[in-house]
Amino acid sequence: MSCKALLKHVGRTNEEVALLVAIVMVSQRPEDNKQKYTALNLFPQFPCCQTGLREMKFKLPTKEMEKLEYDAAMTGGAYDFNRGTISLTRKLLSSPKKITLVRHGLSTWNEESRIQNTGSSNLSVLTEAGVKQAERCRNALANIYFDQCFSSPISRAKSTAEVIWQGREEPLVFLDSLKEAHLFFLEGMKNHLEAVDARREYPKEYITWREDPAKFHVNGVYPLRRIWATASEAWREILHTPGEHFLVVTHKSILRALICTALGLGPERFRAIDINNGGITVFKFNTRGEAMLQSLNMTAHMYSNHIYLN
């Protein structure tokens with residue numbers, strides 16, 4: 001909110017103005033728990049700010065809400081949206097949602113450029129560099145309130161989630177629908193164009209997986225079709241959970257499927273999106289379960305002490 005807009009509140013007490021500033025500084029949706037979590041630390045000297053943020057009895061007047069929407073439009077920020085894509089839930093949600101997706105840190109098989117899937121849960125683990133990446137994610141997200149953290153139960157994602165979620169009160173929730181794709185006999189093979197073993201043993205299947213993955217199949221089973229269905233299931237599980245902001249820690253292939261299904265894209269777009277180890281992606285959902293991509297594969301925190309605020 002602009003200084004001119006704040007001057008309109010000179011008739012109010014300093015504590016009320018502080019509360020207003022705290023709310024607006026954090027976000028354009030003062031009813032969200034994540035804003036309360038951060039704003040509680042902005043003006044601790046004002047009891048009204050503390051009480052008001054917890055109970056949210058202080059509401060922005062209509063004119064100020066209209067001004068907020070106008071400011072958001074002028075700065076390119078989307079205050080709200082309609083008909084973002086198709087609904088992922090097929091029924092109304094209790095409130096808008098925000099989902100922060102994180103890919104696990106560097107694993108031993110990432111380092112060796114091997115194909116990972118559901119069967120490699122105990123074979124591919126976080127490297128020392130991967131643990132440090134998870135710690136960077138934790139530091140970058142430390143000021144953000146999350147109602148819950150969902151994670152794949154597979155080791156490399158589970159370990160990453162445990163590092164990021166350290167110090168939070170709510171227990172981690174592990175979902176089978178967040179497991180990596182199952183690629184059958186390709187698991188463990190080198191995943192690059194010079195991969196001699198895969199190209200020699202399964203030349204047709206390997207080339208299909210590399211160049212046209214949506215058509216890759218084994219005995220009539222199409223892994224990407226399966227993971228697209230699994231991603232839809234994961235979205236429903238997460239979005240119907242009570243709360244407004246969730247953290248999700250999982251794997252590259254399922255992340256690609258989550259992103260594509262949210263945007264209404266099919267398996268043929270699998271390789272159109274890339275996610276780095278420790279990369280952070282953020283979606284907003286309206287109450288109809290329609291998605292808006294807010295940010296994709298953010299990695300500033302991997303190379304600096306960057307901290308995300310909301």
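The structure holds seven salt bridges, and since this is a predicted model, every distance and area given in this report is a value computed from the predicted coordinates.

**Charged pairs**

Side chains of opposite charge can pair when their charged atoms come close.

| Salt bridge | N to O distance | Relative accessible area of the partners |
|---|---|---|
| Lys179 and Asp176 | 3.7 Å | Lys179 30%, Asp176 57% |
| Asp274 and Arg256 | 3.6 Å | Asp274 43%, Arg256 7% |
| Arg288 and Glu290 | 3.4 Å | Arg288 26%, Glu290 3% |

Elsewhere in the chain, salt bridges that share partners join Lys252, Arg256 and Asp274 into one network.

In the pair of Lys179 and Asp176, where the closest N and O atoms are 3.7 Å apart, Lys179 is partly exposed with a relative accessible area of 30%, while Asp176 is exposed with a relative accessible area of 57%.

The salt bridge between the side chains of Asp274 and Arg256 spans 3.6 Å from N to O. Asp274 lies in the loop between α12 (252–263) and β5 (280–285), and Arg256 lies in helix α12, so the pair ties together parts that are 18 residues apart in sequence. Of these two partners, Asp274 is partly exposed, with a relative accessible area of 43%, and Arg256 is buried, with a relative accessible area of 7%.

**The chain as a whole**

The protein chain contains 13 helices and six strands, and of its 310 residues, 48% are buried. Its accessible surface comes to about 15,200 Å², and 51% of that surface belongs to carbon and sulfur atoms. Among the contacts in the chain with a separation of 6 or more, 68% are made by residues 24 or more positions apart.

**Strand β4 and its partners**

Strand β4 covers residues 245–250, and this strand is mostly covered, with six of its six residues buried. In a regular strand the side chains alternate between the two faces of the sheet. In β4, His245, Leu247 and Val249 point one way, Phe246, Val248 and Thr250 point the other way, and all are buried.

Which strands pair with β4 in the parallel sense? One partner is β1, which pairs with β4 over six bridges, and in that pairing Lys98 of the chain has His245 in β4 as its bridge partner. Another partner is β2 (residues 148–151), which pairs with β4 over four bridges; here the bridge partner of Cys149 is Leu247, and the bridge partner of Ser151 is Val249.

Strand β2 also has a link to strand β3 (residues 173–174), because two bridges join β2 and β3, which run parallel. In this arrangement Ser151 stands opposite Phe174 in β3. Together β2, helix α8 (residues 155–164) and β3 make a right-handed β-α-β unit. Within β2, Gln148 and Phe150 point one way and Cys149 and Ser151 point the other way, and all are buried.

**A closer look at Thr100**

Thr100 lies in strand β1 (residues 97–103). Is Thr100 buried or exposed? Thr100 counts as buried because its relative accessibility is 3%, and the cut-off for a buried residue is under 20% relative accessible area. The side chains of Thr100 and His245 are joined by a polar contact of 3.0 Å.

With its neighbours within four places in sequence left aside, Thr100 is in contact with Phe146, His245, Phe246, Leu247, Val248, Ile280, Thr281 and Val282. Some of these residues, including His245, Phe246, Leu247 and Val248, have already been described as buried members of β4, the strand that pairs with β1 in the parallel sense.

Notes. Residues numbered from 1 in each chain as written. Predicted model: local features only at pLDDT ≥ 70, side-chain atom pairs only at ≥ 80, totals over all residues. Heavy atoms only, no water. Buried < 20%, exposed > 50% of the residue type's maximum accessible area, 1.4 Å probe, protein only. Polar contact = N/O pair within 3.5 Å; in protein donor to acceptor, adjacent residues only side chain to side chain. Contact = heavy atoms within 4.5 Å. Right-handed = clockwise from strand over helix to strand, strands pointing away. Areas by Shrake-Rupley, 256 points an atom, 1.4 Å probe, with all protein chains shown as cover. Salt bridge = Lys/Arg side-chain N within 4 Å of Asp/Glu carboxyl O.
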